[in-house]
Amino acid sequence: MAHTHDDHQHDRPRDLTRNQDLVLKTLNHADAPLSAYDILDRLRGDGLRAPLQVYRALDKLVDQGLAHRLESLNAFVCCAQAHGHVGATTGFAICGTCGKVDEFTDAVVAERLKAWAAETGFALQRTVIELRGICSNCTKATQPKV
């Protein structure tokens, strides 16, 4: 099942620090994945001055399942699940044309990966699935009209 990051509002846990809340709000309102430095640039007016402030906030948000790091882009997105999730195998379909990111989970893929790890004795710690391609909107826009 895919979830878009468009027009998403995230439930905010009450124990977030001011910086964590600012970073989460920034990710929530972003049109595309943001690097830590993009976030810092957007929050300078709110008093964030050092990259370490942003990285600490992002680490906590990722740990709580409220944000995700996209490894191939070295950027972050807000979790598309309104309540966040921790430990689930989550995948991302990233459009190389417009930058749109769709988040998905697939129980069959998760079970197959766990089974492979168990069969091979691999101690699975984290799974990141990133698909790179062209989203349906961009594909439609490039198709000739008949």
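Trainee: In what order do the elements of the protein run from the N terminus on?

Mentor: The order is β-α-α-α-β-β-β-β-α-β-α, with five helices and six strands in the protein, where helices (H or I, at least four residues) and strands (E, at least two) are DSSP runs numbered from the N terminus. This is a predicted model, in which local features need pLDDT of at least 70 and side-chain atom pairs count only at pLDDT 80 or more, while totals for chains, interfaces and linings use all residues. Residues are numbered from 1 along each chain as its sequence is written, and side-chain values use heavy atoms, with hydrogens and water left out.

Trainee: Why is H1 called roughly perpendicular to H3?

Mentor: The axes of H1 (residues 18–28) and H3 (residues 51–63) come within 9 Å and cross at roughly 80°. That angle makes H1 roughly perpendicular to H3, given that 65 to 115 degrees counts as roughly perpendicular, under 35 as roughly parallel, over 145 as roughly antiparallel and the rest as oblique. The axes are lines fitted to C-alpha atoms, for helices over the stretch in contact, with angles running from 0 to 180 degrees between N-to-C directions.

Trainee: Which residues of H1 and H3 meet, and what kinds of residue make up the contact of H1 with H3?

Mentor: On the H1 side Asn19, Gln20, Val23, Leu24 and Leu27 meet Gln53, Ala57, Leu58, Lys60 and Leu61 of H3, contact meaning heavy atoms within 4.5 Å. The residues of this contact divide into six nonpolar, three polar and one charged.

Trainee: What makes H1 mostly covered?

Mentor: Eight of the 11 residues of H1 are buried, a term for a relative accessible area under 20%, with exposed meaning over 50% and partly exposed in between (1.4 Å probe, protein chains only). The buried residues include Leu22, Val23, Leu24 and Leu27, as well as Asp21 and Asn28, and the buried residues of H1 pack against H2 (36–43), H3, E2 and E3.

Trainee: Is His68 buried or exposed, and how do you know?

Mentor: His68, which lies in strand E2 (residues 67–70), has a relative accessible area of 11% and therefore counts as buried. Its side chain is joined to that of Glu103 by a polar contact of 3.4 Å; the term asks for a pair of N or O atoms within 3.5 Å, and within protein one must be able to donate a hydrogen and the other to accept it, residues adjacent in sequence counting only if both atoms are side-chain atoms.

Trainee: How do you know that E2 and E3 pair, and what is said of Asn74 in the turn?

Mentor: Four bridges join E2 to E3, and the two strands run antiparallel, whereas pairing asks for at least two bridges found by DSSP. Arg69 stands opposite Phe76 in E3. The two strands form a hairpin with four residues between them, and Asn74 in the turn has a positive phi of about 50° although it is not a glycine. Most residues other than glycine have a negative phi. With a relative accessible area of 42%, Asn74 is partly exposed.

Trainee: What makes both faces of E3 covered?

Mentor: Ala75 and Val77 on one side, and Phe76 and Cys78 on the other, are all buried. In a regular strand the side chains alternate between the two faces of the sheet.

Trainee: Why is E4 called largely enclosed by the rest of the structure?

Mentor: Five of the six residues of E4 (residues 90–95) are buried, so the strand is largely enclosed. E4 is joined by five bridges to E5 (residues 101–105), which runs antiparallel to it, with Thr105 as the bridge partner of Thr90. Six bridges join E4 to E6 (residues 128–133), and these two strands run parallel, with Ala93 partnered by Leu131. E4 and E5 also form a hairpin with five residues between them, where Gly99 in the turn has a positive phi of about 85°.

Trainee: How do Thr89 and Ala107 count, buried or exposed?

Mentor: Thr89, in the loop between E3 and E4, counts as buried at 14% relative accessibility. Leaving aside its neighbours within four places in sequence, its contacts include Phe104, Ala110, Leu113 and Ile129. Ala107, found in helix H4 (residues 107–120), is exposed at a relative accessible area of 59%.

Methods:
Ala, Val, Leu, Ile, Met, Phe, Trp, Tyr, Cys and Pro count as nonpolar, Asp, Glu, Lys and Arg as charged, and the others, Gly among them, as polar.
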